[in-house]
Amino acid sequence: MEKYDIIIENGASICYNRRGDSISALKTGGRIKVIIKPTSIKGLIIALENTCDDRVVLGYMTNALISDKGIDKEVVLTSGVRGVHIDENKLVCAAGESLTNVCVIARKFGLSGMEKLSGIPGSIGGAIAMNAGAFGGFMVDIVESAKVFHDGKIIEMSKEQLGMSYRHSSLLDSGSVIIEATISLTPNNPLIIANSMKNARSKRQQTQPLEVSLGSVFKKTEDNGAGYYIEKCGLKGCRIGDAEVSTKHANFIINTGKCTSNDYYKLMCHVKHIVENECGITLQREVRLIGEFEE
Ligand SMILES: Cc1cc2nc3c(=O)[nH]c(=O)nc-3n(C[C@H](O)[C@H](O)[C@H](O)COP(=O)(O)OP(=O)(O)OC[C@H]3O[C@@H](n4cnc5c(N)ncnc54)[C@H](O)[C@@H]3O)c2cc1C
């Protein structure tokens, strides 16, 4: 039996040497040696059980910069692992379900708590791993527990065990993988929820660039958004190759055409360096680096 036969038998597709720029959100990145894309929770578990411990697990790659040198490891993509089960005021979501879709379901069923998250791209698994949030609302506010692949076993983790803090969770350090998560919401009028979600999305459209990006490059500092310092240093519009510091929001680097991951990375390092020199502030990266990068 070939190594991946059992994974394929459980509905996953396997793709060899696919270019990262054809699938990543930023449309950059070199060849990925093996991509395994399961289509069910069972398929995801089997994929995790039959891949090496150094595998990379990604959702929609909306926060992941894929190296131009490619990835020489197995990449498990959860984006085909979809489904939401509604249990009174709780939503049990498969790891690869889109956060956007979960927001739509919450609105339709009159469940409040996700309003500020409306408009954030990515998967439920990625959103929990990154503790995604906006306008003062965070995933940690609504996550109750998760089924996690940890050290080769499936375990139930409480919110506390997930160790979620600002744009971080213990999953990012341990390499444990969210399989399914339970979100706990509060009943409210669907029209009020719809209105709040609309407001969050329009605020986003007014302040953030529409071009391809990975969202915020750096985390907030203690006293200000990273964009404040980047703008203060006159870096809006600064370019390396086709990567550009957005003129609309300085904490976004956009792909203006044929940007490479290296362009993005170099521009990110340049911005960090200038802000450190001119403002004495050390910006912390929010974007996740996947593969090797050299300054
Ligand atoms: C236009 C734009 C706007 C954005 N706005 C916001 C915003 O307002 N707020 C915000 O917080 N973020 C924002 N982001 C960033 C991004 O959308 C979030 O971080 C999102 O939650 C990432 O989900 P993903 O599925 O794309 O994760 P990926 O980018 O695929 O992965 C991100 C990290 O999560 C890990 N991961 C993914 N799935 C799992 C899993 N199942 N189990 C364990 N670890 C996993 C990966 O290994 C990686 O380290 C924005 C991005 C874009 C492009």
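**Domain contacts and sheet arrangement in a predicted model**

A salt bridge (a side-chain nitrogen of Lys or Arg within 4 Å of a carboxyl oxygen of Asp or Glu) links Glu-286 to Arg-167, with 3.2 Å between the closest N and O atoms. The structure is a predicted model, in which local features need pLDDT of at least 70 and side-chain atom pairs count only at pLDDT 80 or more, whereas totals for chains, interfaces and linings use all residues. Residues are numbered from 1 along each chain as its sequence is written, and side-chain values use heavy atoms, with hydrogens and water left out.

The chain is divided into domain 1 (5-77), domain 2 (84-203) and domain 3 (209-290), the bounds coming from an automatic or database domain assignment. Four residues from domain 2 and four residues from domain 3 take part in the contact between these two domains, where contact means heavy atoms within 4.5 Å. The centres of domain 2 and domain 3, taken over C-alpha atoms, are separated by 27 Å. The size of an interface is often expressed as the accessible area lost when the parts come together. For domain 2 and domain 3 the buried area is about 460 Å², of which 54% lies on carbon and sulfur atoms; this quantity is the accessible area (1.4 Å probe) that two parts lose on being put together, summed over both. One salt bridge is found across this interface.

An open sheet of four strands shows the order β1-β2-β5-β3, with mixed pairing. Its edge strands, β1 (13-19) and β3 (56-58), each pair on one side only. The twist averages 30° from one strand to the next, the axes being lines fitted to C-alpha atoms and the angles running from 0 to 180 degrees between N-to-C directions. Helices (H or I, at least four residues) and strands (E, at least two) are DSSP runs, numbered from the N terminus, and two strands pair if DSSP finds at least two bridges between them. Strands β3 and β5 (residues 71-77) run parallel and are joined by three bridges; Leu-58 has Leu-77 in β5 as its bridge partner.

Asn-10 is located in the loop between α1 (5-9) and β1. Asn-10 counts as buried because its relative accessibility is 18%, the limits being under 20% for buried, over 50% for exposed and in between for partly exposed (1.4 Å probe, protein chains only). Apart from neighbours within four places in sequence, Asn-10 is in contact with Ser-40, Lys-42, Gly-43 and Ile-46. Thr-100, in helix α3 (residues 99-108), is partly exposed, with a relative accessible area of 41%.
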